[in-house]
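Please look at the sequence and the structure first.

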Amino acid sequence: MIQNYLILSVILFCIGILGVISRRNVFTVFMSIELMLNAANLAFITFSRLHESMDGHVLALLVMAVAAAEAALALAVVILLHKHKGNLDTNVFSLLKG
Amino acid sequence: MEHNATYLGLIPLFPLIGALVIGLLHMLTCTKRPLSEKMYGALACVGPILSFFLALVAFFHLKGLPAEERFLAHNVYTWFAVGDLHINMGFLADPLSSLFLLFVTFIGSLIHIYSVGYMAGDKNYGKFFAYLNLFLGSMLILVLGSGPVVMFVGWEGVGLCSYLLISFFSEDTDNVLAGNKAFIVNRIGDLGFVLGMSVLFWAIGAGGFDYLALQANAHNLTSAIGITVCLLLFVGACGKSAQIPLYVWLPDAMAGPTPVSALIHAATMVTAGVYMVARFSFIYAQFPIAGSVVAWVGILTALLAAIFAMFQKDIKKILAYSTVSQLGYMFAAVGVTAYSAGIFHVFTHAFFKALLFLAAGSVIYALHHQQDIWKMGGLKDKLPKTYWTMMIGALALAGVPPFSGFFSKDEILFSALANGHTGIWLIGVLVAGMTAYYTFRMMFLVFHGEPRDKEAYDHAHEPPAVMTIPLIVLAVGAAFAGVLNLPAIFGGSLNVSHWLAPSVVEQHPHVSIWLEIFAILSSVAVVAVGVYIAYKKFGQGAEEPEFTGFAKVGYNKFYVDEIYNAVFVQTYKGFGSVISRFLEPKVTDSGVKLSSWLYQKAGIAFKALQVGYVRIYAIYMVIGLSLMSLFLSQTIN
Amino acid sequence: MYAEWLFIVFSVLSVLGAIGLVLFRHPMSGAMSLIVTMISLAGLYALLSAKLIFVLQLIVYAGAIMSLILFIIMFLNIQTSDLPEEKGRFYYLLGGTILIIPIASFLIKVVKSLPGSQTTIVGNGFGGVKEVGLVLFQDWLLPFEIVSILLLVSLVGAVVLAGKRRLSK
């Protein structure tokens, strides 16, 4: 029974990966990462229910805090990038190309 | 059974250290300010003389022991031990090797002293003595080695030094080519030696691979393997001691300085093959067929070389072919299991042949490097010391009694006859006559009659004392050494044969005394005939003839060198040129170029992966993750 | 029985929301579908008796984080013309799906091999504030402090990054 929750978590995680690799829009990529974090949260809560221990809840709480911090910083970076180049395409930023 | 004698290791060590020191001094000073020749000469002679004293110590040490226990061993260290193969750097002094030690160090020292005078003025003076000391050290390792592997170290060392010394006057390409020829032909023999050693090890090496252990296990050899070992080792001996078919290097080796010819190509290196056969007498004695092969190759070489020597005009080439011929005698002796006779001939031959070479060097030195006997003549009064010592050497070589050569050669011929090898005896007698003929042809043409080249004759003068004293010492040896092995018929007691008995496996057949007298008389008769013919043709002076027919063929050494060149050398060269013109560019080079081309293309392909977009890198990560999951999911079930 | 129906509804909604996020072109629409997913996840937490987390998911995630994202999207005034042309989107999606299948199947296999258990009835207070607080401040104190420092760092970083414009002028 509990396994269904876990399977759902896996499915959401995989959809998140799909979003990261197939979209070029900066926001969509960022939101897919948030989706992956949520899927992980679901897994934590499920396991915590399975073992009847509160550790999973605490971890999910901490993950949420980290996600919030990361969201703030990532969006600040997105604003700066938009100011710099004027478009939201991840393919434009190719300074890593050696 | 062996006694320990830790001074044995010093005997080869002194000349080797000398070589190192002199070599370093020469290298460091030859371009700036060369050291004085006196110093090099002194440094060079110290090593051999010290080795000679130690050889005397070893000899008297052995003499003090009872006959069955005459083995002195010195194990310096374990060289390598792999499985059954356990080789020590060890030295063994027994009667055979101590006899060799004595005359090698003695004649080596004398020739070092002679070279101090002969090589004076040469700009590579130091280098010469470094090489000469190195040679002596290697020869001593060869003689003293306690097993075939250590002997082989010395074997290779003397081959190397032979090459270095033959090509010593390296400005002339012919000398270098002669050195190359010597080394390459020697190498062919060495291959046989190594194969023989390997088969021997494979057959009976499990119980230890030094002489004493091999002798204890030799009865385990089957006849097929034993004969193979004997013949393969003999191939090595053919290379080193210039027998058919590998004798061609020795006449060319006369391109080296005369002391080198005396030491290496007369007295010591070329006798290494005979030493080796005598060392392995415990194998050769088991297989008489192998012995017969050795004996017949030897005596035929003696015959062939004597024919060549009868027509040569270069004084050193006559002596070179004479050496080949005498070596043939020695192999004939050890082939019919008369080991002590062969070794005794090695001993006396070392004295009189070194004497002849040194005296020839003295003549060449006096006439300012003239070597053609048809341009000499009448030097008897101008070079008296040289003349009388050389005459003693010639008498010994020809086998005139009572000089040493007569006793040793006669012992060989008598043993051949006594062991039933009549054919060998007959050819041997014939060759003895030819030997007498060519030796006295040389003596008459060089020293008697009218001088053929007036100007050189006028400038000739006796060489300095440092060169003539060794001649006199050697002459004494050549004259009186026969006393050491007098057979019973002359009142002696075969001292050398008895001395060598613990080292070699030999039977002395009992034959009637009339046979012995017959053998002696036939040798003397044939020698007399040879001397007489030479006197008739050349005693009153003669002019250089035009050779025709058989004489022409003989003078050109039966065109053997040309045949070898056409059959072997050109084939090999053609093979090499095919490889370098077709095989190398098309096959190996293209293979190498293919792999480098592949690397370049792969590099360009991999460069395409570095796109610079993070999304693509994320895709790479996912690809990796998915492959990993594919792999991991196999493990879960 | 109720629980099963609710589970199916919430899970279908969340998956649909996720797929919508991945497929919509305009990020605004994507954000909306993500909010749908968040809310249904909150429902799933409630089904799992995670009372506090359910509330926090709604408040923090769906309320704060998503509204922040929406705010920024609207702040940048993105027109359809600003959006990048993603021509090869469906090919990448297809390729991605092929890549994902092994990962998904592996993870599902792992999950399926866990020992199943009956859903027991949990005691009172499981998942409540008090219980979470107790564990948080006793066993997980150090991570809690570190995360607070992390929040401080991100706060400072955001201020620095966003405020650069003012300083350089």
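## Contact between chains C and A

The contact takes 70 residues from chain C and 60 residues from chain A, where two residues are in contact if their C-beta atoms, placed from the backbone, lie within 7 Å. On chain C, α1 (2–23), α2 (27–47), α3 (51–75), α4 (89–112), α5 (129–138) and α6 (141–162) each give at least two residues to the side that touches chain A. Helices (H or I, at least four residues) are DSSP runs, numbered from the N terminus. With 12 residues, α4(C) provides the largest share of that side. Sorted by class, the side of chain C that touches chain A has 52 nonpolar, 13 polar and 5 charged residues; Ala, Val, Leu, Ile, Met, Phe, Trp, Tyr, Cys and Pro count as nonpolar, Asp, Glu, Lys and Arg as charged, and the others, Gly among them, as polar.

## Basis of the model

This is a predicted model, in which local features need pLDDT of at least 70 and side-chain atom pairs count only at pLDDT 80 or more, while totals for chains, interfaces and linings use all residues. Residues are numbered from 1 along each chain as its sequence is written, and chains are lettered from A and ligands numbered from 1 in the order in which they are written.

## Nonpolar cores

A nonpolar core is a set of buried Ala, Val, Leu, Ile, Met, Phe, Trp, Tyr and Cys residues joined through C-beta atoms within 7 Å; buried means that 20 or more other C-beta atoms lie within 10 Å of a residue's own. The largest core has 205 residues, and Ala332(B), Ala354(B), Leu355(B) and Ala478(B) have the most contacts inside it. Helix α15 (residues 339–366) of chain B supplies the largest share of this core, 19 residues. Apart from this core lies another, of 66 residues, among them Cys14(A), Ile15(A), Phe10(C) and Ile65(C).

## Helix packing in chain B

Helix α3 (residues 95–118) of chain B packs against α15(B) at an angle of about 5 degrees, with the axes 11 Å apart. Axes are lines fitted to C-alpha atoms, for helices over the stretch in contact, and angles run from 0 to 180 degrees between N-to-C directions. The angle makes α3(B) roughly parallel to α15(B), a term for angles under 35 degrees. Residues in this contact include Phe103(B) of α3(B) and Ala354(B) of α15(B). By class, the contact has 13 nonpolar, 1 polar and no charged residues.

Terms used: Buried ≥ 20, exposed ≤ 12 C-beta atoms within 10 Å, placed from the backbone. Parallel < 35°, antiparallel > 145°, perpendicular 65-115°, else oblique.
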